Amino acid sequence: MAKKKLVISSGAGMSAESGISTFRDAGGLWEQYPVMEVASADGFRRNPALVHKFYNERRHDLLKAQPNAGHLGLVDLEKDYDVYVITQNVDDLHERAGSKHVLHLHGELMKVRSMEHPERVYQLHPEALDTTPDTIIDGDHVRPHIVFFQEAVPNMEPAVELAHEADVFVVIGTSLNVYPAASLLHYVRPGVPVYYIDPNPAPVPAGVHVLKMGASEGVAKLARILRGQE
Ligand code: OAD
């Protein structure tokens with residue numbers, strides 16, 4: 001029998017227990033850095049060096065981090081479900097944990113792409129993580145492979161399709177502040193069970209099962225619920 005489709009929509013809270021800062025919690029990144037300077041298309045035009053520096057720091061943080069029990073728990077659920085992860089995160093912790101299907105909505109930290117030929121995307125090597133406006137790879141200037149504010153979200157269309165096809169939909173660790181990602185919930189078909197794992201959950205429509213806890217604990221509880229153990 002075909003497995004059911006379990007679709008996950010993850011945000012920064014998914015990686016919090018791996019030591020990666022979230023954005024909007026107290027002490028989060030947007031309290032420490034002016035978001036429109038380091039993460040917007042206008043900011044990048046104004047001061048590309050600052051934007052490169054910001055993402056260089058994020059890459060070094062990521063290199064030190066490991067997937068947590070939440071990431072690993074989602075991989076374990078692949079035994080029972082076809083699991084598809086849609087993530088707002090630019091880290092690669094879902095992939096490193098072993099998730100087979102990961103769709104990044106906001107880009108990927110460990111990649112850069114050509115300014116001249118945007119279809120040319122390059123994986124950075126751990127020993128050469130730092131880029132500047134002068135960095136040249138294969139003859140091209142490069143920029144972070146990140147979806148800046150004010151830019152379109154190219155993977156939104158496949159993400160909407162996945163949300164619509166879900167047999168179970170689970171939101172983990174996002175403040176549901178940033179659109180269009182936050183709208184995925186609205187594409188889930190009526191009657192499909194929806195869970196939201198977050199220790200400080202945002203308001204969600206009635207009927208969503210809120211598991212008010214961190215990602216590791218929440219994914220473990222979700223697995224027990226889905227396996228009929230509670
Ligand atoms: P936020 O920082 O807005 O929200 C993080 C969420 O994680 C909050 O709801 C926290 O309560 C929750 N959280 C904290 N610790 C957690 C834990 N241990 N387990 C589970 N959840 C926990 O991050 P996002 O919603 O992901 O975009 O932010 C969306 C986008 O805004 C990001 O992708 C980024 C940012 O600007 C870009 O940079 C393009």
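**Note on the predicted model: ligand site and selected residues**

1. T87 counts as buried, because its relative accessibility is 0% and buried means under 20%. The model discussed here is a predicted one. T87 belongs to strand β2, which covers residues 81–87. Its side chain takes part in two contacts that the reader may wish to locate.

2. Which residues come nearest to the ligand? There are 23 residues around the ligand, and F23, R24, T174, S175 and D198 come nearest. Sorted by class, the shell around the ligand consists of nine nonpolar, ten polar and four charged residues.

3. A backbone N or O atom of F23 lies 2.7 Å from a ligand oxygen atom. For A12, the distance from a backbone N or O atom to an oxygen atom of the ligand is 2.8 Å, and for G173 the corresponding distance is 3.4 Å. Of the 800 Å² of accessible area that the ligand has on its own, the protein covers 93%. The space that the ligand takes is the largest pocket.

4. D138 has a phi near 45 degrees and is placed in the loop between β6 (136–137) and β7. L176 has a phi of about 55 degrees and lies in the loop between β8 and β9. Is each of these residues buried or exposed? D138 counts as exposed because its relative accessibility is 65%, and exposed means over 50%. L176, by contrast, is buried, because its relative accessible area is 18%.

5. Why does V153 count as buried? The reason is its relative accessibility of 17%, since the term buried applies under 20%. V153 and S21 are 132 residues apart along the chain, and their C-alpha atoms are separated by 22 Å.

Terms used: Residues are numbered from 1 along each chain as its sequence is written. This is a predicted model: local features need pLDDT of at least 70, side-chain atom pairs count only at pLDDT 80 or more; totals for chains, interfaces and linings use all residues. Side-chain values use heavy atoms; hydrogens and water are left out. A residue is near a molecule or strand if one of its heavy atoms lies within 4 Å of it. A polar contact is a pair of N or O atoms within 3.5 Å; within protein, one must be able to donate a hydrogen and the other to accept it, and residues adjacent in sequence count only if both atoms are side-chain atoms. Accessible areas come from the Shrake-Rupley method with a 1.4 Å probe; for residues, only the protein chains shown count as cover. On a 1 Å grid over the protein atoms alone, a cavity is a set of points where a 1.4 Å probe fits but cannot get out, and a pocket is an open set with protein on both sides within 12 Å along at least five of seven lines; lining residues have an atom within 4 Å of a point. A molecule sits in a cavity or pocket if more than half of its atoms lie within 2 Å of its grid points. Ala, Val, Leu, Ile, Met, Phe, Trp, Tyr, Cys and Pro count as nonpolar, Asp, Glu, Lys and Arg as charged, and the others, Gly among them, as polar. Helices (H or I, at least four residues) and strands (E, at least two) are DSSP runs, numbered from the N terminus. Buried means under 20% relative accessible area, exposed over 50%, partly exposed in between (1.4 Å probe, protein chains only).
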